[in-house]
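Hello,

Here is the structure I promised to pass on. Please have a look, and my notes follow below.

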Amino acid sequence: MGDAKPLTSMTAGQLTGRFDQELIDLLPRSLKFISHSGAGYDQIDAEACANRGIAVSNTPGAVDASTANTAIYLLLGALRRAHIPATALRQGQWRGAMGLGHDPEGKLLGILGMGGIGSALALRAAPFDLQMQYHNRNPVIHPSSNPTNAKYVGFEELLRTSDIISIHLPLTESTRGLIGRKEFGMMKDGVVIVNTARGAIIDEEALVEALEQGKVFAAGLDVYEREPEIHEGLIKCDNVVLMPHVGTATVETQARQRKMEMLVIDNVRNVLKRGRLLTPVVETRTGK
């Protein structure tokens, strides 16, 4: 069992296909609830479920810490363009053509999505003296969801004013391709992009163009538009720190998987006892 790899919801989706409109249309009308194991739920067409009156739950929280840690690692690595000297060193070239990087102090970090992972990132970014702002579907209400009292701004203001943009949104039909050529054009020259959410939120072709043109100083990515395939331009760009979607691949996070599994069961139990899910996704919440 020591060499066994966990079957995550992402790999399961790659094996079985997406829980899409076609499949949902074939489900019996008696089905009213789906309890999903995983914080991300883009493997399920939640809008199609909502249209059928099917409520869907996910298991938020278990991967917040490890994903936020990964975002910080990518953020710092991108600011310093760490891939360039690290690669040069392994090739016997000492520092290589690294140039000067940037320190985080005083930079304005724009957090796109202030959910569990976004707020965990904010906590980790504060000791680096980063200023923070965020954009959400709606402003967060509870102080625990905005632990650094980051300023709420509109989507376009976040794009135009942030020195660093870190993406923490779910992948839905409305967020697919959310960051493209138009959006990169709105950003500051020399912006840094970090994505640990879902690759398809960014148009990779547009990102490569922005990197090559210098609009984007550097990027840190753990997710990709068509993973496991990675855009060739990203591979060739020295100013990109790349990881193969391993943001939650830690001993501690795997230990927390049991809590996710228990939450799946608790959601089912609550449906049987009270007729509702404990952690419904936003698309299928009543009164959303």
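How many bridges join β3 to strand β6 (residues 164-167)? There are four, and the two strands run parallel; pairing here requires at least two DSSP bridges between strands. Within β6, Ile-167 is the bridge partner of Leu-112.

A word on the source: this is a predicted model, in which local features need pLDDT of at least 70 and side-chain atom pairs count only at pLDDT 80 or more, while totals for chains, interfaces and linings use all residues. Residues are numbered from 1 along each chain as its sequence is written, and side-chain values use heavy atoms, with hydrogens and water left out.

Back to β3 (residues 108-112): five of its five residues are buried (under 20% relative accessible area, 1.4 Å probe, protein chains only). Leu-108, Gly-110 and Leu-112 cover one side, and Leu-109 and Ile-111 the other. Strand β4 (residues 131-135) also runs parallel to β3, joined by five bridges, with Gln-133 as the partner of Gly-110. Strands are DSSP E runs of at least two residues, and helices H or I runs of at least four.

I also looked for cavities (sets of points on a 1 Å grid where a 1.4 Å probe fits but cannot get out; lining residues have an atom within 4 Å of a point). The whole structure has two of 30 Å³ or more. The largest has a volume of about 110 Å³, and its lining residues include Arg-18, Asp-42 and Glu-283.

Best wishes

Definitions and conventions: Buried means under 20% relative accessible area, exposed over 50%, partly exposed in between (1.4 Å probe, protein chains only). On a 1 Å grid over the protein atoms alone, a cavity is a set of points where a 1.4 Å probe fits but cannot get out, and a pocket is an open set with protein on both sides within 12 Å along at least five of seven lines; lining residues have an atom within 4 Å of a point. Grid points are joined across faces, edges and corners, and a volume is the space filled by probe spheres set on the points.
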